[in-house]
Amino acid sequence: MKITVFADTHRNYNALNAVVNQNLDSDLFLHIGDGQFELLEVASAHPDKKFLMVKGNRDYGSLDDERIIDLDEFKIYCNHGHELDVNSGLEKLLDKAAYNDCKIAVYGHTHLFKTDLINGIYVMNPGSLESPRGKNPPTYGVIKISDGGEIIMNIIEYKSNV
Ligand SMILES: [Mn+2]
């Protein structure tokens, strides 16, 4: 299984669209907030693909603040993170993931990519496709889950095709 993860696209439709088209073999596209308009536009162009998102602090309306994706082997906890104070640490995110019995926790908001394994929970921030911080390039994330349940997380630098 392949899950392509992005966050904080902040109206950069072109980058989001390119990443989706570069990863059409994904079983799921996951937007971790701050990009509802471009996500809806890209998703509507791919009705055969599965897209999910959570609400960022710059998103509006009745989107979910958190989502728990229940795969067969384990669950993924998704939260943009602004209400979990991710800029000052991951304790609340990890608590939420553990409380909800999730093996993977995905967040955004900091615009700083990260992959880690903390207290048995795989953690990913895909970075930002629009305004990365820390002198990083624009990035997104890919989570691959093998048939045996092995979890591999990668951060990938976004490069346009043109
Ligand atoms: Mn944000």
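**View 1. A hairpin of four residues joins strand E4 to strand E5.** Strands here are DSSP runs of at least two residues and helices are DSSP runs (H or I) of at least four, both numbered from the N terminus. This is a predicted model, in which local features need pLDDT of at least 70 and side-chain atom pairs count only at pLDDT 80 or more, whereas totals for chains, interfaces and linings use all residues. Residues are numbered from 1 along each chain as its sequence is written. E4 (residues 66–70) and E5 run antiparallel and are joined by five bridges, two strands being taken as paired if DSSP finds at least two bridges between them. Within this pairing, Asp-70 stands opposite Lys-75 in E5.

**View 2. Strand E5 pairs with strand E6 in the parallel sense.** Three bridges link E5 to E6 (residues 104–106), and Tyr-77 stands opposite Ala-105 in E6. E5 itself (residues 75–79) is mostly covered, with four of its five residues buried; a residue is buried if 20 or more other C-beta atoms, placed from the backbone, lie within 10 Å of its own, exposed if 12 or fewer do, and partly exposed in between.

**View 3. Five strands form an open sheet of mixed pairing, in the order E3-E2-E1-E9-E10.** Strand E3 (51–53) and strand E10 (151–157) stand at the edges with a single partner strand each, so one side of each is left without a neighbour in the sheet. Inside the sheet, E1 (residues 2–6) and E2 (residues 28–31) pair in the parallel sense over four bridges, and Phe-6 stands opposite His-31 in E2.

**View 4. Helix H1 has Ala-15, Leu-16, Val-19 and Val-20 among its buried residues.** These residues cover an arc of only 130° around the axis, which puts them on the same side of H1; the arc is that of the directions from the helix axis to the C-beta atoms. What covers the buried residues of H1 includes E1, E2, helix H2 (36–44) and strand E9 (139–145).

**View 5. Val-106 touches Val-5, Leu-30, Ile-32, Ile-76, Cys-78 and Met-124, residues up to four places away in sequence not being counted.** Two residues are in contact if their C-beta atoms, placed from the backbone, lie within 7 Å.
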